Amino acid sequence: MGRADREATWGGGEPFSERWAATGKGMGIIRVSDQSGATHELEAVEGWRVMEVIRDHGLPIEALCGGACACATCHVRVAPDWAGRLSPVREDEEGLLDLLPDVAPTSRLSCQIIWDTDLDGLELTLMGGGA
């Protein structure tokens with residue numbers, strides 16, 4: 001889905017970027033590769049969980065617990081160049097990642113990544129599944 005299509009369908013027709021312009025919060029881009037290998041550029045808003053951005057753009061992410069760090073169905077792999085820029089993995093997140101069969105050194109739960117303007121251009125891959 002392109003930006004024009006997304007903006008036409010989000011928020012009852014009101015473009016996403018216009019809806020958030022009045023908040024004064026920073027905006028930027030997250031680049032997400034889906035399970036089929038297609039890359040999507042998603043508009044992100046400062047303070048949102050990366051999981052919320054992915055879900056609200058209609059990409060296939062389960063996120064069953066809604067961001068409570070209780071299920072690991074929002075598992076992503078962060079591009080190596082970006083992994084060191086994120087906040088450290090907390091113990092509860094690490095415990096859930098340890099349950100996954102396809103965990104990698106740059107695996108994270110997207111519900112535990114809070115997007116800010118320092119993460120503009122963040123690159124990650126959707127993994128799916130979960131504990």
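Trainee: Leaving aside neighbours within four places in sequence, which residues is Ala38 in contact with?

Mentor: This is a predicted model, so keep that in mind throughout. Ala38 is in contact with Val32 and Ser33, once neighbours within four places are left aside. Ala38 itself is found in the loop between β1 and β2.

Trainee: Why is Ala38 called partly exposed?

Mentor: Its relative accessibility is 31%. Buried means under 20% and exposed means over 50%. Ala38 at 31% therefore counts as partly exposed.

Trainee: What separates Ala38 from Thr125 in sequence and in space?

Mentor: They are 87 residues apart in sequence. C-alpha to C-alpha, Ala38 and Thr125 are 9.7 Å apart.

Trainee: What makes β1 and β2 a strand pair?

Mentor: Two strands pair if there are at least two bridges between them. Strand β1, residues 27–33, and strand β2, residues 39–45, have 7 bridges in the antiparallel sense.

Trainee: How many bridges join β3 to β5?

Mentor: The number is 3, and β3 and β5 run antiparallel. The cut-off is at least two, so they count as paired. Arg77 stands opposite Thr125 in β5.

Trainee: Which residues of β5 are on the covered face, and which on the uncovered one?

Mentor: Leu122, Leu124 and Leu126 make up the covered face. Glu123 and Thr125 make up the uncovered one. In a regular strand, side chains alternate between the two faces of the sheet.

Trainee: Is His75 buried or exposed, and why?

Mentor: Relative accessibility is 1% for His75. The limit for buried is under 20%. His75 therefore counts as buried. His75 belongs to strand β3, residues 75–78. Residues up to four places away aside, it touches residues including Leu97, Leu100, Val103, Leu109 and Met127.

Trainee: What makes the pairing of the His75 and Ser107 side chains a polar contact?

Mentor: The distance is 2.8 Å. A polar contact needs N or O atoms within 3.5 Å, one able to donate a hydrogen and the other to accept it. The side chains of His75 and Ser107 make such a contact.

Trainee: How do you know that the charged end of Arg85 sits over the ring of Trp82?

Mentor: The charged end of Arg85 is 4.0 Å from the ring centre of Trp82. The distance limit is within 6 Å, and the charge must also lie within 35 degrees of the ring normal. Arg85 is listed as sitting over the ring of Trp82. Its side chain also reaches the backbone oxygen of Asp81 at 3.4 Å. Arg85 is found in the loop between α4, residues 80–83, and α5, residues 91–97.

Trainee: How many aromatic pairs does the structure hold?

Mentor: It holds 0. Ring centres would have to lie within 6.5 Å to pair.

Trainee: What is the phi of Cys69 and of Ala72?

Mentor: Cys69 has a positive phi of about 55 degrees, though it is not a glycine. Ala72, also not a glycine, has a positive phi of about 70 degrees. Most residues other than glycine have a negative phi. Cys69 lies in the loop between α3, residues 50–56, and β3. Ala72 is found in the loop between α3 and β3.

Trainee: Why do Cys69 and Ala72 count as buried?

Mentor: Set each against the limit of under 20%. Cys69 has 9% relative accessibility, so it counts as buried. Ala72 has 2%, so it counts as buried.

Trainee: What percentage of the protein's residues counts as buried?

Mentor: Of its 131 residues, 44% count as buried. The protein has 5 helices and 5 strands.

Conventions
Residues numbered from 1 in each chain as written. Predicted model: local features only at pLDDT ≥ 70, side-chain atom pairs only at ≥ 80, totals over all residues. Heavy atoms only, no water. Phe/Tyr/Trp six-rings, centres within 6.5 Å; stacked < 30°, edge-to-face > 60°. Helix = DSSP H or I, 4+ residues; strand = E, 2+ residues; numbered from the N terminus. Buried < 20%, exposed > 50% of the residue type's maximum accessible area, 1.4 Å probe, protein only. Contact = heavy atoms within 4.5 Å.
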